[in-house]
Amino acid sequence: MSQDDGTLREPRSDAGATDFTARVFASGRGGDDGGRERPVVPRAEFRSYYGRPVLKPPVWNWKIAAYLFTGGLSAGAALLAAGADLTGRPVLRRWSRTGSSAALMASMYLLVADLGRPERFHHMLRVAKPSSPMSVGTWILVAYGPGNVLAAAADVLPARVRATLPGRLLRLAARPAGLASAALAPAVASYTAVLLSQTAVPAWHDAHRHLPLLFTGSAAASGGGLGMLVAPVAEAAPARRLAAAGAAAEILTARAIDRRPTLEAGAYTTGRAHRLRRASEYLTLGGAVAAVTLARRSRPVAAAAGLALLAGSALQRFGVFEAGVASTRDPAYVVVPQRERLERRKAAQDGHPGPARPDGT
Amino acid sequence: MTNEHSLHGPLEDPAADAGHVGHPPRVGFFTDTSVCIGCKACEVACKTWNDVPEDGLDLLGMSYDNTGMLGASSWRHVAFVEQERPLGRQDPGLAALPTGPSVTGVQQDVVAEGMRHAERGGAQLGTGPVDVGFPSFELPGASTGAEGRTDFRWLMSSDVCKHCTHAGCLDVCPTGALFRTEFSTVVVQQDICNGCGYCVSGCPYGVIDRRPDDGRAWKCTLCYDRLRGGLEPACAKACPTDSIQFGPLDELRERADRRLEQLHGAGVAEARLYGRDPEDGVGGDGAFFLLLDEPEVYGLPPDPVVPTRDLPRMWKYAGVAASALLAAAAAVFVGGGKR
Amino acid sequence: MGVKRWLDAWPVYRQLTGTDPLGRGKAAQSARSAALTPRTDTADRVADSVCPFCAVGCAQRVYVKDEKVVQIEGNPDSPISRGRLCPKGSASKQLVTGPQREHKVRYRPPYATEWQDLDLDTAVDMVVDRVLDARRKGWQDTDESGRKLRRTMGIASLGGATLDNEENYLIKKLFTALGALQVENQARI
Amino acid sequence: MGSNMAEAHPVGFQWVMEAKARGARVIHIDPRFTRTSALADQHVTLRAGTDIAFLGGVIHHILSHDLDFREYVRAYTNASFLLSEDFRDTEDLDGLFSGYDPHTASYDSSSWAYESVQQEEGRPGDREKEHSAPFKHGASGPAVAGGAGEIACDPDLEHPRCVFQVLKRHFSRYTPEMVERICGVPQEAFLEVCRAWTANSGRERTTALVYSVGWTQHSVGAQYIRAGAIVQLLLGNIGRPGGGIYALRGHASIQGSTDIPTLYNLLPGYLPMPDVTHDGLAAYLESVAPRHEKGFWGHADAYTVSLLKEYWGEAATAENDYCFDHMPRINGDHGTYRTVMDMVEGDKVFGYFVLGQNPAVGSAHGRLQRLGMANLDWVVVRDLTMIESATFWKDAPEIETGEIVTERCRTEVFFFPAASHVEKSGTFTQTQRMLQWRDQAVEPPGDARSELWFFYHLGRKLKERLAGSTDERDRPLLDLAWDYRVEGDEPDAADVLRRINGVDLTTGRAVDGYTELKADGSTACGCWIYSGVYADEVNQARRRKPRFEQGPYDAEWGWTWPLNRRVLYNRASADPEGRPWSERKALVWWDEDKGEWTGHDIPDFEKDKPPSYRPPEGASGPEGLRGDDAFIMMSDGKAWLFAPSGLLDGPLPTHYEPHESPARNLLYGQQGSPVRKVYGRADNPSNPSPPEAHGEVFPYVFTASRLTEHHTAGGMSRQLPYLSELQPELTVEVSPELAAERGLVHLDWAHVITSRSAVDARVLVTDRMAPLRVDGRTVHQVWMPYHWGHTGLVSGDVVNDLIGVVADPNVLIQESKVLTCDVRPGRRPRGPALLEYVREYRERAGITPRTGTRIATAGDDPGPPHMEPGPPEESP
C-alpha cells in the first residue's frame with residue numbers, strides 16, 4: 001500500500017497544506033503491543049481528528065470470538081453426528097452429538113454472558129428482523145437448538161430412563177431431531193460470517209465475500225477435529241475427511257483474505273491478528289496433514305490432530321475478531337479507503353480514470 | 001410497506017417505510033459549523049435534559065476539545081481544529097508578525113501518540129475517561145526552521161448522531177430496542193436494550209456506544225420525548241448562535257443550500273455540505289452539516305456506507321458457503337465407503 | 001382476549017400483521033416509548049427566572065414538580081436571549097440541584113482543625129455579637145483634625161455582583177447604618 | 001477590544017453573528033486569537049496593555065484625514081470649547097499634563113478647565129488620588145462650575161485652544177508607524193481597522209464598540225474607555241442605533257451592584273458617599289450638584305433627600321438634615337485591596353463578610369487575600385458551595401508553604417449556605433441596565449437562605465440588641481427604617497424593590513419616575529435611577545411580553561433604567577433640529593405636529609422640549625439644557641472629548657506603558673501612568689519595568705481571562721461535572737515560538753513565575769498565540785485562564801497568585817490584565833521551596849519593595865518612591 005501524498009489532498013484552499021493529521025505506520029499499531037516504539041515507515045498519510053478513531057471498536061470481548069468457534073464447532077459436529085447416525089457409526093454419533101450440544105450450551109452461555117444486560121437475553125425474541133444477522137441467527141439457533149439437544153439427550157440417557165416411555169419416545173425422536181439440527185447446522189456455521197460482515201468494522205466488512213467460507217471451513221475442520229478426537233480410528237474416516245476438507249477451505253480462504261489488495265487486508269496481516277492466524281494456520285495445516293496420513297492408523301495421532309484442528313479453528317476465529325478490532329482503532333482503515341472511493345467517484349464524474357480499486361469494488 | 005430502497009439508496013419517507021401511518025414530517029438537525037463558537041452549550045443542554053452522566057475529567061490537548069468523541073455519555077461533541085490555513089477572506093492577523101512554523105501538526109501528533117496507547121485507541125472518549133497522558137517522545141518538527149506562518153483558522157463543529165435514512169445501528173439491532181420513530185429519527189428504547197453491542201459495530205460514524213456500568217447502548221434520541229411534546233431538542237434550543245438548527249428536514253436542506261451558496265459567494269470556497277445528499281451511502285443523514293474542511297478533519301468518515309447495503313450479497317455468499325459445508329458433510333460420508 | 005393482548009404486545013406478531021414487516025419502526029416500539037412525554041409537560045408549575053452566571057441576562061424557565069426543580073431552560077420569549085443558553089446557563093439545573101450544594105451551616109472555631117455543625121439561629125446570633133464587637137473595636141469618631149468620621153473600620157464586606165438588587169440594597173443600607181464603610185464587590189475586581 | 005465576547009458572553013454574541021450574517025464586518029482586537037476571533041472577519045493581534053496607543057492611532061487617523069462626523073461633533077461634543085491658557089499637554093511636558101506633583105503623584109486639575117470657566121481653587125494633594133472618582137462626581141456628573149452659562153467656543157474648530165485642535169495635537173504622534181512600534185500591530189492591519197471603522201460610521205452607518213474587563217483591569221483603565229468614547233464620538237456613534245459602547249459585564253447583577261452599590265464610595269444611583277469634608281447636607285449637595293450647571297444632576301438634592309428618607313424614615317426631617325449625619329464619612333482609599341492589606345497588617349479589620357464571592361481565588365494577589373483572612377477575628381462566608389475562601393484555614397496553598405498553620409490560625413469561620421437564584425425572588429440588572437425580576441420557583445434547602453433573609457434578620461436582631469441604647473453611634477441603626485413586608489420569615493423582595501423605586505409619602509403610592517422626587521422630604525426613594533421600576537404600582541421588571549408581540553426595542557420586557565430608555569443619549573440619533581440623521585438610522589425624532597419627541601425607543605430627553613429651545617438666563621439643572629444638548633447628564637450638556645474635570649489621570653487618554661512592561665514608552669519620557677496607585681510593600685512586589693533594570697528576568701507579557709466553560713473563581717462551575725469535564729485542567733497557552741524558546745511541550749507541565757508566586761499548568765502550544773515585533777524586538781505573550789483553585793471536582797493553582805496590586809487611581813481597579821512573567825518547563829517547586837524559588841527570582845531581578853514605586857519618570861524631578869507606611873525594605 002503506497003499512497004502518493006498528493007492524491008489524498010483535497011483541492012480548494014487546502015493546496016500546499018502540510019497538516020496531515022495522522023500517519024499510518026507500517027507496523028506496531030496494535031494497542032496490545034504495549035511498547036511505545038517510535039513509528040517507523042510512513043505508509044500513507046491522511047488527515048484525521050488528532051489520530052482518534054472514527055469508529056467505535058466493538059464492545060464485544062473474547063466471549064464473542066469464542067462463540068464464533070463454539071458455534072462453528074457445534075454445527076460441524078452436528079453434521080458429523082447426523083452422518084454417523086445415518087451410516088451407523090454409533091461412537092462417532094454419540095460423541096459428536098454430545099460435543100455439538102456441549103458446544104451449543106457453551107455458545108449460549110457465551111452469548112448471554114456477553115450481553116450488557118444478560119437478564120434481558122429473551123428480548124432477542126421480541127422481533128424477527130431480516131436486516132439483523134443477529135436476529136436471524138437468534139431464530140436459526142431457536143430452530144437448531146432443540147433438535148440438537150434432543151438428539152444428544154437421547155444418546156446420553158441413563159440406562160434406567162431409556163426404558164421408560166418418555167425415554168423410548170426420546171430415542172425415537174433422536175434421529176429426526178438430529179437430522180433437523182444438521183439441516184440447520186450450515187446456517188449456524190455461516191450466519192456468524194454475515195454477523196461480522198454486516199458491520200462498519202472495516203476488516204470484517206471488507207472481507208464479507210470470504211468470511212462465510214472461512215467460517216464454514218473452520219466449522220468443518222473443528223467438527224472433524226472433534227470427531228477424530230472422540231471416535232475410534234475405525235469410525236472416524238468421515239471426520240478425517242471433513243477435517244481435511246474444512247482445513248483446506250479454511251487455509252485457502254484465510255490466505256485469500258490476506259492477499260486482498262485492499263488496505264483493510266493489512267488488519268489481518270499485522271499485529272496480534274496476524275500472529276493468532278499464523279499459529280492457526282500451522283495448527284490447522286498440521287492437523288489436516290495428519291488427518292489424511294498418520295491419523296488413519298494411530299489413535300493418539302488422530303487425537304492430537306483433532307486437538308490441533310480445534311485449536312487452529314479457535315485461533316482463526318480469535319484472529320479474525322482481533323483484525324476487526326484493530327481496524328476500528330486506526331482511523332486509516334476508515335479514512336483512506338473511503339477517501340480513495342470518493343476520489344475514484346470524482347474522477348469518474350470528471351471523466352478521468354482515477355486510481356483503480358484493485359479488487360474492483 | 002417496504003420498497004426497493006428499504007435497505008439502501010434514497011428513501012423519501014423513512015417513517016412510512018417503518019410502518020408509521022399518518023406520521024409527522026421527518027425532522028432533523030442542520031449544523032452550520034461556520035457560525036459555531038465552540039461554546040459547548042449543546043453538550044451541556046443535552047446532558048441536562050437527558051441526564052447523561054459525566055464521562056471523564058481528562059485534559060485531551062485537542063485544542064479546546066476535552067470531550068473527544070461522541071459516545072454513550074456524550075451525545076453532542078464539539079470538535080476544535082486549529083489549522084494553518086485561511087478561512088474565506090478572514091484575516092487572522094498574523095501577517096508581518098515575527099512568527100515561526102506552525103504547531104498545528106505537532107499538536108495533532110502529540111495527541112495522536114497519546115491516542116495510540118489509550119483504551120480502545122481513544123474511542124472510549126465520549127463513553128468513559130481516557131487519559132491521553134503526557135507526551136512521551138521528542139516531538140518531530142517542533143522547531144524546524146521553516147517559513148513563518150501567516151495563515152490560521154480555528155474550526156469548531158458540533159457533532160451528533162446522524163439519524164441516518166439507513167441506520168446501521170437500527171438495522172442490526174436484534175431486539176427492536178433501536179427503532180425508527182414517527183419523526184424518522186432513530187432511538188434506542190432503554191426499556192428494551194439488552195446491551196448486545198451489535199449497534200456499536202453497525203454504526204459507520206462511531207456514534208453509538210455501550211455504557212460500561214449500565215450495560216446498555218446509548219446515543220442521541222433527538223430528544224424523542226421533547227419532540228412528542230412539540231418541543232425543540234435541547235441542544236438546538238440552547239445553541240447561542242443557531243449553529244444547530246432543528247426543523248423539518250426538507251426545510252433544513254433548502255436552508256443549507258442557500259447558506260452554502262451565500263458562503264461561496266462570500267469567498268468561503270471551502271464550505272461544503274456533509275450528509276445532505278439522499279444518494280449517499282446512508283441515504284442521507286437526518287442530521288447533516290455544513291463543514292469548512294474535509295469530514296475526516298472533524299473525525300467524520302468521508303464516505304460512510306450503511307453495512308446493510310451489502311446484506312443480500314453477504315447472505316448469498318453465506319448461502320454458498322453453507323451449501324458447500326452441507327455438500328462436504330454429505331460427501332465425506334457418501335464417498336470413501338465405511339472405514 | 002388475553003391471548004390477543006399478549007400477541008399484540010409481541011412485536012413479531014405486529015410485524016406479521018401490521019405495517020412494519022421488517023420490524024424496524026412501528027412494530028418495534030415499546031409501550032413506554034408509545035406513552036413518552038417530555039417531563040416539562042408534567043411539571044406542577046413553571047417559574048420565570050434569569051440565568052445567574054454572566055450579565056447578559058438570559059431568561060430561564062424553571063420547571064418544578066413535587067417541589068423539586070426538574071428542568072431549567074431558556075425562555076424563547078426573551079428579546080435578549082431568544083431562549084438560548086450557554087454551557088453555564090445550561091448547567092443551571094446542576095448548579096441548583098447538584099450534590100455540591102451545602103445545606104447546613106458550618107462553623108470553624110478559632111484554631112480548630114475541622115468544621116462543626118451549628119444551628120442557623122444560633123449562628124446568626126453569634127454573628128450579631130461579633131459584628132457589634134468588631135464595630136466597637138474599629139470605631140472612629142473623628143479624624144486627626146477633628147472632622148466627623150462616625151464610622152467603623154473593623155468590618156468589611158465583599159460581594160454583591162451575584163446578588164439581587166434588593167439584597168444589595170439592604171446590605172448597603174445596613175452597613176451604612178452600622179458605620180461600616182468597607183463594603184465592596186466584584187465591580188472593583 | 002478588551003472583550004472575548006464569544007467566550008465570555010456567548011448568548012449575547014448571537015447578535016454579533018446575526019449582524020455579521022446581515023453584512024456587518026466584525027473585527028476583534030486582542031492579544032490572542034480566541035473563539036471570538038475565530039468568527040470575526042479580522043483579528044488584530046495586539047500587545048496587552050497598549051490599547052490607548054492603538055485607539056490614539058485611530059483618533060489620529062480620523063483627525064488627520066478629516067473623517068470625523070463633523071456636524072455631530074460640532075453639535076453634541078465639547079470640540080469647540082476653548083481651554084484655559086494654563087493648560088499644558090503631554091506633548092509639552094513629555095507625557096505629563098499641567099498640574100502634576102511628583103511628590104504626591106497626583107494632579108491639580110485646575111488648569112484643565114474651559115477658558116471662560118473659573119475652576120474652583122486647585123485641589124492638590126495626595127488625598128485626591130485616595131478617592132475613587134465617582135466619589136466626587138457620581139457616574140457622569142463631574143463638575144464644570146458654571147456649565148450652564150456660555151462657554152467660549154470656536155464653532156469652526158480652528159482656535160488653537162479649542163478642544164478639537166488640542167485633541168489633534170495631543171494625538172499627532174500616534175501615527176501608524178508608532179502604533180506598529182508600540183502595539184506590535186503591523187501598519188497594514190491597523191489601517192485596515194481604521195478604514196473599516198470610519199467607512200462604517202456617519203449618517204448612514206454606525207459602528208458599535210464592545211469592551212469588557214480587558215479594558216477596565218488596567219492602571220489606565222478608565223482612560224481606555226475614554227479613548228474608545230472619543231473615537232465613537234468623533235465618528236458620531238453614540239446615542240444612535242447600531243452604535244454605542246458596550247461594556248459587557250461579567251456577573252448576573254454586577255451592573256445592579258454598581259447602580260445599587262455595594263461599593264464603599266457610592267450611594268445608590270451613583271450619589272457619592274459623604275466625605276469627611278461634607279459637614280452637612282448642604283455642603284454635600286453643593287459638591288454633588290453645584291448651582292449653575294446643566295443637566296439632571298441638578299436635581300441631586302431631591303435624589304439625596306429621598307434616599308435619606310428611605311434610609312431613616314420618620315426620623316429623617318428637614319430639621320436634622322434628613323439624618324445626613326447618620327452616615328459614615330470616607331476620607332481615603334477604602335477599596336477592597338486596601339482593606340485586605342489592612343487585614344494582613346492586623347488590628348485594623350476584625351470581621352469580614354464574603355457574599356457570593358471567592359477572593360481567595362478570584363481577587364488579584366490571592367496570597368494576600370488568604371493571608372489577610374487568616375489574620376481576622378472572624379469571617380462570614382455565604383455561598384452555594386464550600387469555596388476556597390471558607391476553607392483557607394485548612395487547605396490554602398499557604399498551608400503547604402507553612403505560612404498558615406491550621407492550629408495557629410485564629411480566624412473564626414461561619415459558613416452559611418445561600419439560596420440559589422431559583423430559590424428566591426428579586427431582580428438582576430443585566431449588562432444593558434435592564435432589570436429582570438425572577439420568580440421564586442422552590443424553597444431553599446436546609447439552612448440555605450437568601451441574602452435578603454440574612455441581612456434583614458441580622459439588621460432586625462442588631463436593632464433588638466441595641467434597643468434602648470443611648471449611645472449616639474447606635475442612633476443610625478435604631479432610627480433605620482427596617483419595616484419591609486415579611487412573608488413567613490422571608491422579607492418580600494417586591495416590597496424592597498418598591499421602596500427602591502420610591503414612594504410618595506403624602507399619598508403612599510409608588511412614584512412613576514425620578515422626576516417626581518422632591519427635596520422636601522415628601523418622597524422616599526432608595527435609588528433614583530431605578531425610579532419608575534414600580535410605576536403604577538406594577539413591578540415593571542417582571543414584565544415578560546414575548547418578543548414576538550412587540551417592536552424592535554421590546555419596551556415591555558423587563559425594565560431598563562433610566563425610565564425604560566434602551567439607548568442612552570438617544571437624542572443624539574437626531575440632528576440638532578430633531579430630524580433623524582438618516583432614515584436608515586432613525587431612532588427618536590421631534591414630531592413637530594404633536595410637539596413632542598417620539599420614535600422607536602423612549603426618548604432620553606424631556607419629551608416636550610423642542611430642538612429650538614434655549615434656556616433663559618441663569619437657568620440650571622434640566623431647565624438649563626438647550627433643545628440640542630443631547631447629553632443630558634453632563635454639566636454642560638455636551639459629550640466630552642476633553643474631560644475638563646472628573647478624572648485624576650488627565651483630561652485626555654495618553655499611552656502609558658503598564659506598570660509591568662517589557663518596553664520603554666516610545667512616546668514620552670513618562671513610562672507608566674504618573675498617578676497610578678501603587679502599594680509599595682514587601683508583600684506586594686513588582687517586576688521591574690524600564691527604565692528600571694533587570695526586566696529581562698520576567699521577559700514575557702502575561703494576561704489572564706475566562707473560558708466559556710467556567711465562571712470566574714469557579715465556585716459555580718468547578719463543582720459541576722457537566723462544566724468541569726469540558727475544561728478539566730488549568731492550562732497555559734503559549735505560541736510555538738515561545739515553546740521553542742523555552743522548551744515547552746504540548747500537554748506537558750510548565751510553570752509561570754512572577755515576583756509574587758509561581759503556578760503550575762499544563763501547556764497548550766498553539767498557533768492562536770503569536771509573537772509580536774515591538775520596536776524591533778520580539779515580544780511573547782502568555783495566557784492563562786484563572787478559574788482554578790484547590791477545591792472542586794477539578795483543581796489547579798490559583799492564577800491570581802501571580803498578580804500584584806497596582807490600581808487605576810480613578811476607580812481603584814487593579815491592573816490584572818497585563819503583567820510580566822517568566823515561563824519554565826516542568827512543575828514548580830512545592831512547599832517552602834516555592835517561597836525560596838520566588839525569592840531567588842526577585843533577587844536576580846534586584847527587586848525590593850521600592851521596585852516600580854518611583855512612578856514619575858519624566859521631567860527633572862522624579863519624586864520619591866511611593867511606599868506604603870510600615871516596616872521598610874524587607875523581603876517577604
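This dialogue walks through several local features of a predicted model.

Reader: Which residues of α1(A) and α8(A) meet?

Author: From α1(A) come Gly76(A), Leu80(A) and Gly83(A). They meet Pro238(A), Ala239(A), Leu242(A) and Gly246(A) of α8(A). By class, this contact has four nonpolar residues, three polar ones and no charged ones.

Reader: Now strands. What can I look for in β1 of chain D?

Author: In a regular strand the side chains alternate between the two faces of the sheet. In β1(D), residues 27–30, Ile27(D) and Ile29(D) are on one side, while His28(D) and Asp30(D) are on the other. These four residues are all buried, and both faces of the strand are covered.

Reader: Which strand is joined to β1(D), and in what direction does the pair run?

Author: The partner is β2(D), residues 42–45; four bridges join the two, and they run parallel. Within this pair, Asp30(D), one of the buried residues of β1(D), stands opposite Thr45(D).

Reader: What is the strand order in the open sheet of three strands in chain D?

Author: The order is β12-β13-β19, and the pairing is antiparallel. Strands β12(D), at 426–429, and β19(D), at 559–560, each have a single partner strand, so one side of each is left without a neighbour in the sheet. Between β12(D) and β13(D), residues 434–438, there are four bridges. Phe428(D) has Gln436(D) as its bridge partner in β13(D).

Reader: Which helix lies across β12 and β13 of chain D?

Author: That helix comes from another letter in the model: α7 of chain C, residues 165–178. Helix α7(C) runs at about 95° to β12(D).

Reader: How is chain C divided into domains?

Author: The domain assignment gives domain 1 as 2–34, domain 2 as 39–97 and domain 3 as 106–188. The C-alpha centres of domain 1 and domain 3 of chain C lie 69 Å apart.

Reader: Where are the cis peptide bonds in chain D, and what is omega at each?

Author: One joins Trp561(D) and Pro562(D), with omega about -5°. Pro562(D) belongs to the loop between β19(D) and β20(D), the latter at 588–591. Another cis bond joins Pro690(D) and Pro691(D), where omega is about 5°. The loop holding Pro691(D) runs between β22(D), at 677–678, and β23(D), at 700–705.

Reader: What is the phi of Asn564(D), and is this residue buried or exposed?

Author: Asn564(D) is not a glycine, and its phi is positive, near 65°. The residue lies in the loop between β19(D) and β20(D), the loop that also holds Pro562(D). Asn564(D) has 22 other C-beta atoms within 10 Å, so it is buried; the cut-off for that class is 20 or more.

Reader: What is the phi of Leu222 in chain B, and why is this residue called buried?

Author: Leu222(B), also not a glycine, has a positive phi of about 50°. Its place is the loop between β7(B), at 217–218, and α6(B), at 224–228. Leu222(B) is called buried because 26 other C-beta atoms lie within 10 Å.

Definitions and conventions
Residues are numbered from 1 along each chain as its sequence is written. Chains are lettered from A and ligands numbered from 1 in the order in which they are written. This is a predicted model: local features need pLDDT of at least 70, side-chain atom pairs count only at pLDDT 80 or more; totals for chains, interfaces and linings use all residues. Two strands pair if DSSP finds at least two bridges between them. Two residues are in contact if their C-beta atoms, placed from the backbone, lie within 7 Å. Axes are lines fitted to C-alpha atoms, for helices over the stretch in contact, and angles run from 0 to 180 degrees between N-to-C directions. Ala, Val, Leu, Ile, Met, Phe, Trp, Tyr, Cys and Pro count as nonpolar, Asp, Glu, Lys and Arg as charged, and the others, Gly among them, as polar. Domain bounds come from an automatic or database domain assignment. A residue is buried if 20 or more other C-beta atoms lie within 10 Å of its own, exposed if 12 or fewer, and partly exposed in between; C-beta atoms are placed from the backbone.
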